Amino acid sequence: MDSEIPQLHIFFFPFMAHGHIIPTVDMAKLFGTRGVKTSIITTPANASPLSKTIQRSNNLGIEMDLKIIKFPYVEVGLPEGCENVDALTAPGTSMEMIIKFFKAAAMLQEPLEQLLKDCRPDCLVADMFFPWATDAAAKFRIPRLVFHGTGFFSLCTSACMTMYEPQKQVSSDSEPFLVPGLPGDIKLTRKQLPDMMRLNEETDFTRMFKASKEAELKSFGVVVNSFYELESAYADCYRNVLGRRAWNVGPVSLCNGNFEDKASRGKQATIDENECLKWLNSKKPDSVVYICFGSVANFNSDRLMEIAMGLEASGQDFIWVVRKDKKHEDGNEEDWLPEGFEKRMAGKGLIIRGWAPQVLILEHKAVGGFVTHCGWNSVLEGVTAGLPMVTWPMSAEQPFNEKLMTEVLKIGVSVGVQESVRLVGEFVKREAIEKAVKEVMVGDNAGEMRCRAKALGEMARRAIEKEGSSYSDLNALIEELSSSRDSSKQTN
Ligand code: UDP
């Protein structure tokens, strides 16, 4: 802890989804290691899995606690306990439920303001899905930082798309267009865009995203889970061309030093972590491909069946995470697995049904490739582990992240997805899966790609060490927040 910096107290308020809560808690821990007192604001059902993490941090001398606010699911007509996006991801979940969830999230403004009034923290780091948080914090003269949960490349892509609207200049959904203003001659198609950029209509979501962009411009700045060396041209563009104040503090997952912290990120794993590592210990270095599509995507049985066939045909050893219980909703046993698949794959493939200890797996030396849906946390965790990837974007900003992996960093091979399809993804044929997996694991360019990926993994680690780019940016941010607090105290 830097003794000359007076202790700050920062509130962190993540959106209620694992892809947002996990990196926010990691980020709070990182601030905590620099002597900042941190509080995580969340709802009861999201709080209980965090209490052990917080306890472990406290045991290490990190001052961290939870502030719990009620989630108004009853008021908006959601089922009891529906407090996390993962409760809304079963295939067939209605749009109405999702709208209700966001309506409930917007009702958190009042309890947030009460907390800010009572505790008067020095800063609020609030998720981009809470656009009203900037005004809420301003009422108490508290600076608000925005956390988007994505990297500089996709932040710049979104900003350039909003500014220039190149998607309106093409005559079909599949005609490529250049993203103006974005370094690197990046081309996209309308099909790859998230709904709110693709559709020409105003909805609750487009209004929320617009409000979020406006709130960002009024806020103290943006904290980004990334490191400068990974996407320097885009970090520069975001700050110097697009004029945003931003600090890169990642990869935040590296704050998890010990086994338990890594094993219990997000949720309790549905496999014994030691069993999983034992299985990996029996494998040769770089020989296992890890397949996981994050915490939201939920494939239909026909898509899962195709993945199984593609994996088998690739001939590679694998760990495959499937977000399905043993029994399918209609009661059929495993209708998504080909006949006799698990018997044939015994010793060769491990299926994890539910939640995997992802960072523990990724950093094991036996793992040599990652098939990912390109959620930013997964991408960055893969980069940090020094892994080449098969990119399989499904929705949101994931197609942008794919471009970064395949065209800018050249550590990714696309599985060939053409279109964003929320939750279930586009149907990808087994031959394409087989080809992309082989290319990343044993193809002619696999060695070169792995070398590039390993070099990036080393840079990621250096970034958060003393004098590293993220270490220094975090210091600069803490110093700026301290002096802004001190000067606002003087004017009071
Ligand atoms: N994750 C995990 N185990 C799983 C699935 C996901 O630990 O079985 C973690 C993963 O390490 C990452 C987060 O959940 O930190 C998912 O975030 P990401 O941005 O990759 O995707 P999202 O879930 O937001 O689509």
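How many of the 11 residues of H18 are buried? Eight are, and H18 is mostly covered.

This is a predicted model: local features need pLDDT of at least 70, side-chain atom pairs count only at pLDDT 80 or more, and totals for chains, interfaces and linings use all residues. Residues are numbered from 1 along each chain as its sequence is written.

**View 1. The whole chain.** The chain has 21 helices and 15 strands. These are DSSP runs, numbered from the N terminus (helices: H or I, at least four residues; strands: E, at least two). The radius of gyration is 22 Å, close to the 23 Å of the globule rule for 492 residues, so the chain is as compact as a globular protein of that length. The radius is taken over C-alpha atoms, and the rule is 2.2 Å times the number of residues to the power 0.38. The C-alpha trace spans about 70 × 55 × 50 Å along its principal axes. Of the 492 residues, 47% are buried. A residue is buried if 20 or more other C-beta atoms lie within 10 Å of its own, exposed if 12 or fewer, and partly exposed in between, with C-beta atoms placed from the backbone.

**View 2. Helix H18 and its cover.** The buried residues of H18 are Gln398, Pro399, Phe400, Asn401, Glu402, Lys403, Leu404 and Met405. Their cover includes helix H8 (152-164), strand S7 (187-188), helix H17 (376-384), S14 and strand S15 (412-414). Lysine 410 follows H18 and has a positive phi, near 55°.

**View 3. H8 against H18.** The axes of H8 and H18 come within 9 Å and cross at roughly 120°. That makes H8 oblique to H18. Angles under 35 degrees count as roughly parallel, over 145 as roughly antiparallel, 65 to 115 as roughly perpendicular and the rest as oblique. Axes are lines fitted to C-alpha atoms, for helices over the stretch in contact, and angles run from 0 to 180 degrees between N-to-C directions. Phe153, Ser154 and Thr157 of H8 meet Phe400, Asn401, Leu404 and Val408 of H18. Contact needs C-beta atoms, placed from the backbone, within 7 Å. By class, this contact has four nonpolar, three polar and no charged residues. Ala, Val, Leu, Ile, Met, Phe, Trp, Tyr, Cys and Pro count as nonpolar, Asp, Glu, Lys and Arg as charged, and the others, Gly among them, as polar.

**View 4. H14 against H19.** Helix H14 (residues 301-314) and helix H19 (residues 430-442) pack at about 45°, with axes 8 Å apart. H14 and H19 are therefore oblique to each other. H14 contributes Glu306, Ile307, Met309, Gly310, Leu311, Ala313 and Ser314, and H19 contributes Arg430, Ile433, Glu434, Val437 and Lys438. The contact of H14 with H19 has six nonpolar, two polar and four charged residues.

**View 5. Two loop residues with positive phi.** Alanine 396 sits in the loop between strand S14 (389-391) and helix H18 (398-408). Its phi is positive, about 50°, although alanine 396 is not a glycine. Alanine 396 is buried, with 23 other C-beta atoms within 10 Å. Arginine 141 lies in the loop between helix H7 (133-138) and strand S5 (144-147). The phi of arginine 141 is near 55°. Arginine 141 counts as exposed, with 11 C-beta neighbours inside 10 Å.

**View 6. A cis peptide bond.** Glycine 250 and proline 251 are joined by a cis peptide bond, with omega about 0°. Proline 251 lies in the loop between strand S9 (246-248) and helix H12 (259-263).

Definitions and conventions
Two residues are in contact if their C-beta atoms, placed from the backbone, lie within 7 Å.
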